[in-house]
Amino acid sequence: ENYCDRVLVKLRDQPFFDRLAHGDVLVRDGNFLQEVWYKDVNLRKGDALVIRQDAAMARRCGVAYVRLMPAPVPTAAEIPLIATVDGYPGNNGVIPFDEMLGEELQFGDTQVAAICHGTDMSGLAQYTTRMPHHRYKVEEKVKEVIINSDYYPWALEQMKRYEKAGRCLLKDSVGAAHRIGRKLYAYHRMAITRLYAPFRMFDNPMFYAHPEWRCVDHDGTPISRLSIAYPEVRKYFLEHFRETVKFGADGVCLTICRGWPFVLCEKPVAVAYRKRTGKRLQQARLDDPDLRAVRSEIMNEFIREIHETVVD
């Protein structure tokens, strides 16, 4: 049940379809009925429920019956909720652009206050960027055969269609979120890297072009990501953040899922450590307070640069 068997449902006047999914099941148990909550809504005379098979994902699912119940008294929001949207334009198959806005519009009648929307793939923009060296080269990636996965071919196909139409996924998402009174934060996975060999979907030409900027472990082993100890690497991140805010995002979110730690024992770290202690970095323990202080200073400076970039 990868990405779930599901059907599309909406009230007739609703501009997009919701995706109704079942709960956890054991697929081997075969066919069965399961009650799934849809939504609280104020029904009016003449309202109609539209049900459609999800042809884009080609997953089988059906509706046996619809049960109506009085809605409970709504509760006030006690804590702010932030929803995260992955950002790849293929989560729902190859569908019309306007239907994709449902990723944001679905939160219009909820207590979600803001949305985080993914904006990169290994440091490359997964939206229509104005920076050529940040562009994800869809035409190259789409040639790769990805075994046992519908999702990534869908994502690449949608990105191709977006570029051809001259539209921008990020701008569309920002506009949809603002239309329902929600803030949208562009999230970045904080990794200029090479992941998941042998596939080339998750790599960045900058990683290959500048091996001298890679993170280096305590024993001198290069790590599969670039280090923020180098100004050029920080500049690349800042360019991305600046553009997403210019495109309308209300801020940025640093997603710590693939790029951590951002700085280890690179040459700038060794230079700063020697200046601070008079000792060679190779003499330091991994838990050396002075080494931690040097790395923290680099990280703090990067955070200050991000703040200045976003605020400006």
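1. Let's start with a charged pair: Arg167 and Asp172 meet through their side chains in a salt bridge, 2.8 Å from N to O. By salt bridge I mean a side-chain nitrogen of Lys or Arg within 4 Å of a carboxyl oxygen of Asp or Glu. Asp172 is buried, at 17% relative accessible area, whereas Arg167 is partly exposed at 27%. The cut-offs behind those words: buried is under 20% relative accessible area, exposed is over 50%, and partly exposed is in between, with a 1.4 Å probe and protein chains only.

2. A word on what you are looking at. This is a predicted model, where local features need pLDDT of at least 70 and side-chain atom pairs count only at pLDDT 80 or more, while totals for chains, interfaces and linings use all residues. Residues are numbered from 1 along each chain as its sequence is written, and side-chain values use heavy atoms, with hydrogens and water left out.

3. Now the overall picture. The protein chain has nine helices and eleven strands; both are DSSP runs numbered from the N terminus, helices being H or I with at least four residues and strands being E with at least two. The C-alpha trace spans about 80 × 45 × 45 Å along its principal axes. Of the 312 residues in the protein chain, 43% are buried.

4. Back to salt bridges: how many does a search of the whole structure find? The search turns up 18. Another of them joins the side chains of Arg285 and Asp287, at 2.9 Å from N to O. Here Arg285 is exposed, with a relative accessible area of 52%, and Asp287 is partly exposed at 39%.

5. Elsewhere, salt bridges that share partners link Asp18, Lys39 and Asp109 into one network.

6. Which residues gather in a patch of positive charge on the surface? They are Arg130, Lys171, Arg242 and Lys246. Patches are built from residues with over 30% relative accessible area and no salt bridge, joining like charges within 9 Å and nonpolar side chains (Val, Leu, Ile, Met, Phe, Trp, Tyr) within 5 Å. Lys and Arg count as positive, Asp and Glu as negative, and His and the chain ends are not counted. Each charge is placed at NZ of Lys, CZ of Arg, CG of Asp or CD of Glu.

7. The length of H7 checks out: at 1.5 Å a residue its 16 residues should span 22 Å, and the end C-alpha atoms are 22 Å apart. That expected span is 1.5 Å times one less than the number of residues. After H7 comes Gly248, with a positive phi near 115°.

8. There is a nonpolar surface patch as well, made of Val41, Leu43, Leu49, Ile51, Val63, Val66 and Leu68, with about 610 Å² of accessible area together. The areas come from the Shrake-Rupley method with a 1.4 Å probe, and for residues only the protein chains shown count as cover. Leu68 sits in the loop between strand E3 (49-53) and strand E4 (81-85) and is exposed at 67%. Val41 is in the loop between strand E2 (18-21) and E3 and is partly exposed, at 36%. Val41 and Pro70 are 29 residues apart along the chain, with 9.9 Å between their C-alpha atoms.

9. Finally, some backbone angles to check. Most residues other than glycine have a negative phi. Ser122 has a positive phi of about 55° although it is not a glycine; this residue is in the loop between strand E6 (120-121) and strand E7 (124-125), and is buried at 3% relative accessibility. Met190 also has a positive phi, near 55°. You'll find Met190 in the loop between strand E8 (183-188) and helix H6 (205-209), buried at 1%.
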